[in-house]
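Please open the model in your viewer and keep the selection panel at hand. The stops below say what to select next and what is to be found there.

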Amino acid sequence: MIAIDNLVTGNTANIGHLADDENYRFIKHNVSDFIFVPDEKLDYVFHFASPASPIDYLELPIPTLKVGALGTHNALGLAKAKSAAFILASTSEVYGDPLEHPQREDYWGNVNPIGPRGVYDEAKRFAEAITMAYHRYHRVDTRIVRIFNTYGPRMRLRDGRVVPAFIGQALREQPLSVFGDGSQTRSFCYVSDLIDGIFRLGMSDFHEPVNLGNPEEMTIKEFADEIIRITGTKSAIEYKPLPVDDPKVRQPDIARAKKILGWKPRVSFDEGIKKTVDYFKDALAR
């Protein structure tokens, strides 16, 4: 196995347990530049590179666009050269601020292409388009996974996404920052369920996009209340202005994943969030 990352948002501590694995090799490289892997047979190319939190892609708008365009092009070129299957990590953000709820894969989305979030949304939409073009024109064996909100251990405390933000604030007994009135919804999938779905998709022969996420929807206010309950914090909730183009709803329709992959989430919210809280407790104690 070869992993490639420029570590712009990554951390080598996450792969420390693989340091002595002779079947694992890490290369520090930006996939927006040409990818050269000589004389090695590759069965799969998983293109999961991109800043993915609002903090990251708002601070890194050009690299985000480049990895969605140039990075996807280079990764597809590698898959084509090696006759490997290609799996693209896309996102629920391709649906933008959706007018359809829940979101099915045949919904084309409601995206502001020139808004601040457009650098991520449109990068992923382009990545899907070029992936399908390589499949249709070059016959590359491709898959597209549209990942909805996912959480679990090894997220960064200062990631900017709501799970580590709320947990970090609660454990420090700081106010939980809720944007808008908290009525916007999200659906949270534990990381092990997501990995299972990605593996099943990789082993399939299905080429259209597939939603992977947990269809159990809750408001951000409800999520904040749950974090306060689970951590036992005395934190209050602090309301802040809603960011531009922030999606009002987010809930996957997973009928395609159930039918094609035989997949559905199995880790309950209580189980997954408690594991995640325990991880962050340890991280803060170090």
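Throughout this tour, buried means under 20% relative accessible area, exposed means over 50%, and partly exposed means in between, with a 1.4 Å probe and protein chains only. The model is predicted, so that local features need pLDDT of at least 70 and side-chain atom pairs count only at pLDDT 80 or more, while totals for chains, interfaces and linings use all residues. Residues are numbered from 1 along each chain as its sequence is written, and side-chain values use heavy atoms, with hydrogens and water left out.

**Aromatic pairs**

Select F46 and F48 to begin. Rings of Phe, Tyr and Trp (its six-membered ring) pair if their centres lie within 6.5 Å, and planes under 30 degrees apart count as stacked, over 60 as edge-to-face and the rest as tilted. A search of the whole structure finds 11 such aromatic pairs. In the pair of F46 and F48, the ring centres are 6.0 Å apart and the planes stand at 55°, so this pair is tilted. F46 is partly exposed, at a relative accessible area of 43%, and F48 is also counted as partly exposed, at 38%.

Select Y95 and Y107 next, whose ring centres are 6.0 Å apart with planes at 20°, so the pair is stacked. Helices (H or I, at least four residues) and strands (E, at least two) are DSSP runs, numbered from the N terminus. Y95 and Y107 both lie in the loop between β4 (85-91) and α3 (118-138), so the pair ties together parts that are 12 residues apart in sequence. Both of these tyrosines, Y95 and Y107, are buried.

**The largest nonpolar core**

A nonpolar core is a set of buried Ala, Val, Leu, Ile, Met, Phe, Trp, Tyr and Cys residues joined through side-chain atoms within 4.5 Å. Select Y151, V163, F166, F223, I227 and I273, which touch the most other members among the 23 residues of the largest such core. The elements giving two or more residues to this core are α4 (162-171), β7 (176-179), α6 (220-231) and α8 (269-285), and α6 gives the most, with 6 residues.

Now centre the view on F166. Contact means heavy atoms within 4.5 Å, and, leaving aside neighbours within four places in sequence, F166 is in contact with L176, S177, V178, I220, F223, A224 and I227. A second, separate core has 19 residues, including V67, I130, M132 and I144.

Not counting residues up to four places away in sequence, T276 touches Y151, G152, P153, V163, I167 and Y190.

**Strand β5**

Which residues of β5 point one way, and which the other way? Select residues 142-147 and look along the strand: T142, I144 and R146 point one way, R143, V145 and I147 point the other way, and all are buried.

Two strands pair if DSSP finds at least two bridges between them. β4 and β5 run parallel and are joined by 6 bridges, with L88 having I144 as its bridge partner in β5. β5 also pairs with strand β10 (residues 209-212) in the parallel sense over 4 bridges, and here V145 stands opposite V210.

**Salt bridges**

A salt bridge is a side-chain nitrogen of Lys or Arg within 4 Å of a carboxyl oxygen of Asp or Glu, and a search of the whole structure finds 20 of them. Select R25 and E40, whose side chains meet in a salt bridge at 2.2 Å, N to O. R25 lies in strand β2 and E40 in the loop between β2 and β3 (44-47), so the pair ties together parts that are 15 residues apart in sequence.

Select K248 and D97 last, a salt bridge in which the closest N and O atoms are 3.1 Å apart. K248 lies in the loop between β12 (237-240) and α7 (255-261) and D97 in the loop between β4 and α3, so the pair ties together parts that are 151 residues apart in sequence. K248 counts as partly exposed, at 46% relative accessibility, whereas D97 is buried, at 18%.
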